[in-house]
Amino acid sequence: NNAAQRQKTVSMGVKYDKGPIYLSLSHEIHYDYFGGTSNIPTALRNSTTTTDSNDYATQFSAEYRINKQHKLGFDAIRKSYNETGNVTGRFDTYQNMAYQLAFENRWTDKIRTAGGIVRSNAGTCTLKGGVACSTTGLEGTKYTLGIGYDLDKDTRLFAAASLLKQGDSASYGVREFSNRPNVGENIRHMAVGMAYSF
């Protein structure tokens, strides 16, 4: 009864893409990936050889193209992690919502900007046997802003800055770094460079 041998993923979605509007709705189910158990202290984890897990994610995405130079985007995703088992005090369920608002602008033939805000709520949780469960401090918010200047059609100078604000119990990773931050640690990130397209 090895969970790794039972793992499977089911994905589905629909989209509308016409004129200035893009809309999509997608849903994905992970069977026996144990997304809840793998992200909590060992003492709260269920055995992956004697229990099962069903993890769900539903995402809505929208983009409004004001014109060829200006775009606005919005995403909302709800995640739910659920595991079987009957050991009191072990992981049972966790749900949360995350949102993103993004923009992309081209102001002249040379200058463009992009940025956005991503927010993940603390969510709610339950433990087996009705044991009290708290998600206080698991929220996080990331702010990003970037600017680009095209020297020519192949070469662009760019600068970007971001701030990740973590709740006291949160440890959201940053794609640009391989290591996870410390719990509750805020991250300020800046980048300056040149991109060349061959």
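A pocket is an open set of grid points with protein on both sides within 12 Å along at least five of seven lines. In this predicted model, the second largest pocket holds about 190 Å³ of space. Its lining is made up of Glu28, Ile29, His30, Tyr33, Gly35, Asp55, Tyr56, Ala57, Lys79, Ser80 and Tyr81. Three strands each supply at least two residues of this lining, namely strand E2 (21-31), strand E3 (53-65) and strand E4 (70-83). By residue class, the lining of the second largest pocket divides into five nonpolar, three polar and three charged residues. Rolling a probe the size of a water molecule over the atoms shows where empty space is left.

The loop between E2 and E3 was examined next for its backbone angles. Most residues other than glycine have a negative phi. Asp32, which is not a glycine, has a positive phi of about 60°. Asp32 is found in the loop between E2 and E3, and Phe34 lies in that loop as well. For Phe34, also a residue other than glycine, phi is positive and near 55°. Asp32 counts as buried because its relative accessible area is 6%, under the 20% limit. Phe34 is likewise buried, at 4% relative accessibility.

Side chains of opposite charge can pair when their charged atoms come close. The count of salt bridges comes to nine. In one of them, the side chains of Arg6 and Asp52 meet at 2.9 Å, N to O. Arg6 is partly exposed, with a relative accessibility of 23%, and Asp52 is partly exposed at 33%.

A salt bridge also joins the side chains of Arg65 and Glu63, at 3.0 Å from N to O. The relative accessibility of Arg65 is 22%, so this residue counts as partly exposed. Glu63 is partly exposed too, at 27%. In the salt bridge of Asp154 and Lys153, the N to O distance is 3.3 Å. Here the two partners fall into separate classes of accessibility: Asp154 is partly exposed, with a relative accessible area of 23%, whereas Lys153 is exposed, at 78%. The value for Lys153 is over the 50% that marks an exposed residue, so the two partners are classed apart. Salt bridges also link Arg106, Arg112, Asp150 and Arg156 in a network.

Covalent links between side chains were searched for as well. One disulfide is found in the whole structure. The disulfide is formed by Cys125 and Cys133, whose sulfur atoms are 1.7 Å apart. The link of Cys125 and Cys133 is left-handed, with -110° about the S-S bond. Cys125 is buried, with a relative accessible area of 17%, while Cys133 is partly exposed at 32%. The limit for a buried residue is under 20%, so Cys125 and Cys133 are classed apart.

Ser162 has its place in strand E9 (residues 155-166). Ser162 is buried, as its relative accessible area is 12%. Leaving aside neighbours within four places in sequence, Ser162 is in contact with Lys142, Tyr143, Thr144, Ile187, Arg188 and His189. Ala114 lies in strand E6 (residues 111-120). With a relative accessible area of 33%, Ala114 is partly exposed. When residues up to four places away in sequence are not counted, Ala114 touches Phe103, Glu104, Thr144, Leu145 and Gly146. Between Ala114 and Ser61 the distance in space is 18 Å, C-alpha to C-alpha, and the separation in sequence is 53 residues.

Technical notes
Residues numbered from 1 in each chain as written. Predicted model: local features only at pLDDT ≥ 70, side-chain atom pairs only at ≥ 80, totals over all residues. Heavy atoms only, no water. Disulfide = S-S within 2.5 Å. Buried < 20%, exposed > 50% of the residue type's maximum accessible area, 1.4 Å probe, protein only. Helix = DSSP H or I, 4+ residues; strand = E, 2+ residues; numbered from the N terminus. Contact = heavy atoms within 4.5 Å. 1 Å grid on protein atoms, 1.4 Å probe; cavity = no way out; pocket = protein on both sides within 12 Å on 5 of 7 lines; lining within 4 Å. Points joined across faces, edges and corners; volume = space filled by probe spheres on them. Nonpolar A, V, L, I, M, F, W, Y, C, P; charged D, E, K, R; others polar. Salt bridge = Lys/Arg side-chain N within 4 Å of Asp/Glu carboxyl O.
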